[in-house]
Amino acid sequence: MSPIKKVTCHVVSAPVERPFTSSRGWLYKTRGSCIVEIETTDGIVGWGECYGPSAVAKAYIETQFAPRIIGRDAFDVEVIWEDLYNRIKDYGGRGMATSALSGIDIALWDIMGKSCGKPIHKLIGGAYRTEVTAYATGLYFIDMDRLIEEAVEEANEFVDNGFVAIKMKIGLGSPKLDIDRVAAVRKAIGDDVRLMVDANHCFTVPQAIRIGRELEKLNVEWFEEPISPEDIDGYVEVTRSLDMAVAGGENEFTRWGFRDLVVRKAMDIIQPDVCAAGGISECRKIATLASAHGVECIPHAWGSAIGLAATLHFLAALPDQPPSFKPMPPLLELEQCENPFRDLLSVEPILQKAGKVQIPTGAGLGIDINRSVLDRYRVA
Ligand code: CA
C-alpha cells in the first residue's frame, strides 16, 4: 500500500532567448509545463508532467482529480485511471483533461517504482533495450531571411554533437522553398544520417501527396502530420499514396482516439505522447492496439526531464516492430530547442551520446528532481 496524501501542481515557465516557430505560425517565446508532485503517507514522492497549457492542466487536477485520489493506493493506478477518466468523459474525454490525467498516471508509476526499488520499465514488461537511438527535433523557423542557411547550420551542429537522426520542420507556404531547404539539409548531412520532416498539419491532401513524392527522392524517412488530424480519410489517402512512412497522432488521446486511426491504418506510425494521451498506462494500451494492427508506435516527446524519462521507460518496454535478426527499434524524440526544464530539472540531465540515450535504471522514473529549478521558474 502507498496511500496518496497530497497532490501538488507546479506551473513553471521560462523565457526563450531566440523565439522560434513552425508551420503553426505561433511564436514560442516561453517554455512551460505543469509538473505534478504526488506524495504518499509513507513519504514517497512521485513526479509527473502534463503536456499543453499548464494552467489548464493544473485546474483540471486541482478541481476534478486531486480530491478523488487522496487516500487511495498508488498501486491501484489503472483503477484510479478509469475512475478519473469516467469522472470527466462527458465533457473532457480528450484534450487537456487527458493531459492532466497523464501527469497523475506518470507520478503514480514513479511512486510504484520507488516503492519497489525498480525502474518503471521493469514494472511494465521489462527492458527490450537498455538504450535508444535519439533523433534531434529542431530546424524550426527562426530567422526568416536565412531559412535555408540556418537549417543547414543547425543540422550540421546536431551531427557534430553525435546525432544520427534529425527531424526538421517544413511548411513555409512554398513547396519549392520547403524542398530546397530539405535538399540543402540532406546534402549537408549526407545519406547516412536519418532525416524526417514534420509539417504540423499545414497541407491539404493533394499538397501533401505532391510534396511527399519530392521528399521521397531526398530519402526522407517519415512525413509527420502532413494534414489536419481530424481528417482520418485524408490520412488514409496520403498514407496509401506515398511510399514513405506517414506519421501522426501527437494530438490524439486515449485508446479510443487511437483505435480509429489504427484500425484504418490511417498512418504507418502513431505518435502518442505519454504526457498527453493518458500517461504510461494508456500509452501501453495504445501501443498494443497499434501492434495488433501492424502500425508502428514511436512516441512524441516535447517536455521536461520528467516527460523524457517517462518516454524512455515506455520505449524500453516496447517490443521491436517487427522483431527480427537486426530490428529497427523505436526512436526517442529529443527536441533541441531552448528548454531549461529538459536540461536542468533532473539533477543528472538526460543526455545523448553518439546519438544514443540510456534508459534510466534507478527506481521509478530514475531521476532526482532539482527543486530549485521549480522555484526559479514558478509562475506566481
Ligand atoms: Ca510533431
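Okay, let's start with a side-chain pair: threonine 137 and glutamate 333 make a polar contact through their side chains, at 2.7 Å. Before I go on, keep in mind that this is a predicted model. Threonine 137 sits in strand β4, residues 131-138.

Let me zoom out to the domains. The protein chain splits into domain 1, which is 4-117 + 371-377, and domain 2, which is 122-358. As for the interface, 41 residues of domain 1 are in contact with 48 residues of domain 2.

You've got an open sheet of three strands, in the order β1-β2-β3, and the pairing is antiparallel. The edges are taken by β1 (4-20) and β3 (45-50); each has a single partner strand, so one side of each is left without a neighbour in the sheet. On average, neighbouring strands here are turned by 25° against each other, direction ignored. A quick reminder: strands of a sheet pair through backbone hydrogen bonds, in either a parallel or an antiparallel way. For strand β2, residues 28-40, the antiparallel pairing with β3 runs over six bridges.

On to the metal. Which residues coordinate the calcium ion? They are Asp198 through OD, Glu224 through OE and Glu250 through OE, at 2.2 to 2.3 Å. Along the sequence, these donor residues follow the spacing D-x25-E-x25-E. Aspartate 198 and glutamate 250 link distant parts of the chain, being 52 residues apart. Aspartate 198 is in strand β6 (residues 194-198), while glutamate 250 is in the loop between β8 (245-248) and α9 (254-262). Aspartate 198 counts as buried, at 1% relative accessibility, and glutamate 250 counts as buried too, at 10%. The cut-off for buried is under 20% relative accessible area, so the 10% of glutamate 250 falls in that class.

Most residues other than glycine have a negative phi, and most peptide bonds are trans. With that in mind, look at asparagine 200: its phi is near 45°, a positive value in a residue other than glycine. Asparagine 200 lies in the loop between β6 and α7 (205-217), and it's buried, with a relative accessible area of 10%. Lysine 265 also has a positive phi, about 45°, although it isn't a glycine. You'll find lysine 265 in the loop between α9 and β9 (269-270), and at 37% relative accessibility it counts as partly exposed. Then there's a cis peptide bond, joining glutamine 321 and proline 322, with omega about -5°. Proline 322 is in the loop between α11 (305-316) and β11 (332-335).

Last stop, helix α8, which covers residues 232-241. Threonine 239 lies in this helix, and at 5% relative accessibility threonine 239 counts as buried. What does the side chain of threonine 239 reach at 2.8 Å? That's the backbone oxygen of tyrosine 235. Lysine 265 comes back here, as one of the contacts of threonine 239, along with Val246, Ala266, Met267 and Asp268, leaving aside neighbours within four places in sequence.

Serine 241 is in helix α8 as well. Serine 241 is partly exposed, with a relative accessible area of 30%. A polar atom of its side chain lies 2.6 Å from the backbone oxygen of glutamate 237. Not counting residues up to four places away in sequence, serine 241 touches Ile209 and Arg213. And if you go from serine 241 to serine 346, you cover 105 residues in sequence and 43 Å in space, C-alpha to C-alpha.

That's my tour; over to you.

Notes
Residues are numbered from 1 along each chain as its sequence is written. This is a predicted model: local features need pLDDT of at least 70, side-chain atom pairs count only at pLDDT 80 or more; totals for chains, interfaces and linings use all residues. Side-chain values use heavy atoms; hydrogens and water are left out. Donors are N, O and S atoms within 2.8 Å of the metal (3.2 Å for Na, K and Ca); water is not among the atoms, so sites may look incomplete. Helices (H or I, at least four residues) and strands (E, at least two) are DSSP runs, numbered from the N terminus. Buried means under 20% relative accessible area, exposed over 50%, partly exposed in between (1.4 Å probe, protein chains only). Contact means heavy atoms within 4.5 Å. A polar contact is a pair of N or O atoms within 3.5 Å; within protein, one must be able to donate a hydrogen and the other to accept it, and residues adjacent in sequence count only if both atoms are side-chain atoms. Two strands pair if DSSP finds at least two bridges between them. Axes are lines fitted to C-alpha atoms, for helices over the stretch in contact, and angles run from 0 to 180 degrees between N-to-C directions. Domain bounds come from an automatic or database domain assignment.
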